[in-house]
Structures are given as structure tokens and as C-alpha cells.
Amino acid sequence: MSPQVRSLWSLCFILMFARWCDGSCAEVDSMTEAVVGEGFLLGCISCKRRAEVIGAATVDWHFKPTGGDEFFHIFHYDYPTSTILHEDFKSRLEWSGTKGTADLQIGAIYIRNVTFNDTGTYTCTFERTLFLPLHNEHVIIKKTVELNVLAEASRELTAVISEIMMYVIIVFLQLWLIGVLIYCYKKIYAENEDREARKALRAKNKLIKDSKDTCDGVHLE
């Protein structure tokens, strides 16, 4: 598996399961090739050095087009509000990072309907505050993504997407199989419990009947 394939699969895996495994984090570089007219995920991950420390963060994205001289502020996220700040990206950007908490570690955004004008350099900036017992610590982390927009997907990119779908299907099938095994185990366990309960009830009824017959015999004498 090529490094590009591993990176993309790792990023997708993290985004899929980030809500289930909030305590785990791994920093993976974003993909750098988009296809015109399609959507693209700009990845940005910044893991806390100490996961047990409570924190809060905001994320800002800036963009400098190819041949441009300066960066433009295009997006700001401050839980739970996201703001698109540049006309060229109006209605095309969507927050795809950490949700449900201000303690952000994934700052990804999704670009809809990519155009050739989206080619250029993107910077992702985390401004994080760690709430420590003695004092709060402020940290700023910046990451850069060089995005190249293609007219059509390269064969390599197509292969990457196919491989990702294969892994997604494998994971889904494994989860489904685990669910089936758990269901079958619970059903068999419940049937065994019912069977044992019925046996115990029959034994109890027989004991009562035998005791009654014995008592009747003694009375008749």
C-alpha cells in the first residue's frame, strides 16, 4: 500500500470513528488532489499533548490562491458556530471536524463543488486553551495544505477511493458479524434460561404433588 493510500485511509478512519473514540487521536496529513466539480475534504488534525486535560479551541482557515501574494481568511469555527468569511466560498464550506464539544482536535472542512480557482495554499490554525489547575495554557498550532485541482480523477486517486470503499465494507461486515453473534448468544442464553426455569417449575410441582400424596396416605391410615 502506498504512503498516500495509507494517509487517506487513516484520515477517513479517524473521521468516521472520532465520535466513538474521543480519547484517541492521530495526526494524519490531508490529501492534496481534488477534482473539479466534486467535493473535497481538507484535513487538519491537532492532538492535545495530554488527553486528560480539559481544553477548548477555535479553528481558522486561510487561503492563498496560486500566484497570489496574501492569505484570505475564509473560515472560522468556534463551537458551535461556523462562519464562512470569503465570498468565493459562500455556501461551499462545511465544518467536518470535531462535533459536540469545544475541545477540538479535528479541524477539517469540506469544500463543495471544487473549482480550479480553489488551487493554492491553505492554512489551518488551532488556537487552543488548556485549563490547568494552576493556570491556563494557550497554544497556537498551524498546518499547511497545498491543494491541486485536477480536471478529472487520476488513476491513482481512483484506486485510493476504491481501496477505501473496500475497507469500509470490510469494517461494516465485521461489525455486522459481531452484532449477529451477540444477538445469537443472547437468544440462546434466553432460551436456556427459559428451559431451566421450566425444568425448575416442573420439579417444584412434582415435589409438591409427591408431598401432597404422602400427606394424604398418612391421613388415610
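# Close-up views of the predicted model

**View 1. Leucine 42 and its contacts.** Leaving out neighbours within four places in sequence, leucine 42 is in contact with Ser30, Trp61, Ala108, Ile109, Ile111, Tyr122 and Val145, where contact means heavy atoms within 4.5 Å. The model is a predicted one, in which local features need pLDDT of at least 70 and side-chain atom pairs count only at pLDDT 80 or more, whereas totals for chains, interfaces and linings use all residues. Residues are numbered from 1 along each chain as its sequence is written, and side-chain values use heavy atoms, with hydrogens and water left out.

**View 2. The largest nonpolar core.** This core has 26 residues, and those that touch the most other members are Leu42, Val59, Trp61, Ile74, Phe75, Leu93 and Tyr122. A nonpolar core is here a set of buried Ala, Val, Leu, Ile, Met, Phe, Trp, Tyr and Cys residues joined through side-chain atoms within 4.5 Å, and buried means under 20% relative accessible area, exposed means over 50%, and partly exposed lies in between (1.4 Å probe, protein chains only). At least two residues of the core come from each of β2, β3, β4 (72–78), β6, β7, β8 and β9 (136–150), and the largest share, four residues, is supplied by β3. These strands, like the helices, are DSSP runs numbered from the N terminus, with at least two residues (E) for a strand and at least four (H or I) for a helix. In soluble globular proteins, nonpolar side chains tend to be buried together.

**View 3. Leucine 93 in strand β6.** Leucine 93 has its place in strand β6 and is buried, its relative accessible area being 7%. Not counting residues up to four places away in sequence, leucine 93 touches Ile74, Phe75, Ile84, Ile109, Tyr110, Ile111 and Arg112. Leucine 41 is 52 residues away from leucine 93 in sequence, and the two are 9.8 Å apart in space, C-alpha to C-alpha.

**View 4. The open sheet of three strands.** The strands of this sheet follow the order β2-β7-β6, with antiparallel pairing; two strands pair if DSSP finds at least two bridges between them. Because β2 (40–42) and β6 (93–95) stand at the edges with a single partner strand each, one side of each is left without a neighbour in the sheet. Neighbouring strands are turned against each other by 30 degrees on average, direction ignored, with axes taken as lines fitted to C-alpha atoms (for helices over the stretch in contact) and angles running from 0 to 180 degrees between N-to-C directions. Strand β7 (residues 109–111) runs antiparallel to β6 and is joined to β6 by three bridges, and tyrosine 110 in β7 stands opposite glutamate 94.

**View 5. The open sheet of six strands.** In this sheet the order is β1-β9-β8-β3-β4-β5, and the pairing is mixed. At the edges stand β1 (33–35) and β5 (81–84), each of which pairs on one side only, and the twist from one strand to the next averages 25 degrees. The strands β8 and β9 form a hairpin with four residues between them, and their antiparallel pairing extends over 12 bridges. Within β9, isoleucine 140 stands opposite glutamate 127, while threonine 144 is the bridge partner of threonine 123. Strand β1, by contrast, runs parallel to β9 and is joined to β9 by three bridges, and glutamate 33 has asparagine 148 of β9 as its bridge partner.

**View 6. The disulfide.** The structure holds one disulfide, counted as a pair of cysteine sulfur atoms within 2.5 Å, and this disulfide is formed by cysteine 44 and cysteine 124, with their sulfur atoms 2.0 Å apart. Cysteine 44 lies in the loop between β2 and β3 (55–65) and cysteine 124 in strand β8 (residues 120–131), so the pair ties together parts that are 80 residues apart in sequence. Because the torsion about the S-S bond of cysteine 44 and cysteine 124 is about -85 degrees, the disulfide is left-handed. Cysteine 44 counts as buried at 2% relative accessibility, and cysteine 124 counts as buried at 1%.

View 7. UniProt, in an unreviewed entry, lists residues 164–185 as "transmembrane region"; its positions are given in the numbering used here, feature names are shortened, and annotations may be inferred rather than shown by experiment. In the model, residues 164–185 are 100% helix and 0% strand, and their end C-alpha atoms lie 32 Å apart. Cysteine 184 is partly exposed, with a relative accessible area of 35%.
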